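User: Hi! I would like to learn how labels get attached to parts of a protein model. Could you go through some with me?

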Amino acid sequence: MRKFNPLKADHPLIQDNIICQACSKPFKEGESTTLVPLGPGADLEAQEQARKGRAYNAVALPVHWACATGYQNCEGLDEME
Ligand SMILES: [Zn+2]
């Protein structure tokens, strides 16, 4: 799991209609985030790769770092496996 740098004020995630799916709160400047992979999504090629156990580009949801790991904004490992 990759920890992304704290959001800057002009980051595209900072919008009224975008919320963290884990806590239902909007993203704010200074918050760290990560991407949680969901799966291959509707892409048939990606689905086939997934069935074969091969790497594919997963559909992923952005969530707060704290919501995904339990670590607060500035804590935690920079790279978690
Ligand atoms: Zn959250």
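Analyst: Here we take some labels and values one by one and ask what lies behind them. One thing to keep in mind from the start is that this is a predicted model.

User: What makes up the chain, and in which order do the elements run?

Analyst: The chain has 2 helices and 2 strands. Starting at the N terminus, they come in the order β-α-β-α. The C-alpha trace spans about 40 × 30 × 20 Å along its principal axes.

User: How do you know how confident the predictor is in the chain?

Analyst: We look at pLDDT, which runs from 0 to 100. The chain averages 90, and 90% of the residues score at least 70. In the comparison of elements, helix 2 (residues 65–69) has the lowest confidence, at a mean of 93, while helix 1 (residues 44–51) has the highest, at 97.

User: Why is Ile18 called exposed?

Analyst: Ile18 has 12 C-beta neighbours inside 10 Å. The exposed class takes 12 or fewer, so a count of 12 still belongs to it, and Ile18 is exposed. Ile18 is also in the segment before strand 1.

User: Which residues are in contact with Ile18, neighbours within four places in sequence aside?

Analyst: They are Leu13, Pro26 and Phe27. The cut-off for a contact is 7 Å between C-beta atoms.

User: Is Lys3 buried or exposed, or does it fall in between?

Analyst: It falls in between. Buried needs 20 or more neighbours and exposed needs 12 or fewer; Lys3 has 19, so Lys3 counts as partly exposed. Lys3 lies in the segment before strand 1 (33–39). The C-alpha atoms of Lys3 and Thr69 are 9.8 Å from each other, although these residues are 66 apart along the chain.

User: What about Met1: why is it called partly exposed?

Analyst: Met1 has 14 C-beta neighbours inside 10 Å. From Met1 to Leu44 the distance is 25 Å, C-alpha to C-alpha, for 43 residues in sequence.

User: And what makes Pro40 partly exposed?

Analyst: Pro40 has 18 other C-beta atoms within 10 Å, so Pro40 is partly exposed. Pro40 is in the loop between strand 1 and helix 1. Leaving out residues up to four places away in sequence, Pro40 touches several residues, including Ala46, Gln47 and Tyr56.

User: How do you know that helix 1 is hardly covered?

Analyst: We count buried residues: among the 8 residues of helix 1, the count is 0. In the chain, buried residues make up 10% of the 81 residues.

Note on methods:
Residues are numbered from 1 along each chain as its sequence is written. This is a predicted model: local features need pLDDT of at least 70, side-chain atom pairs count only at pLDDT 80 or more; totals for chains, interfaces and linings use all residues. Helices (H or I, at least four residues) and strands (E, at least two) are DSSP runs, numbered from the N terminus. Two residues are in contact if their C-beta atoms, placed from the backbone, lie within 7 Å.
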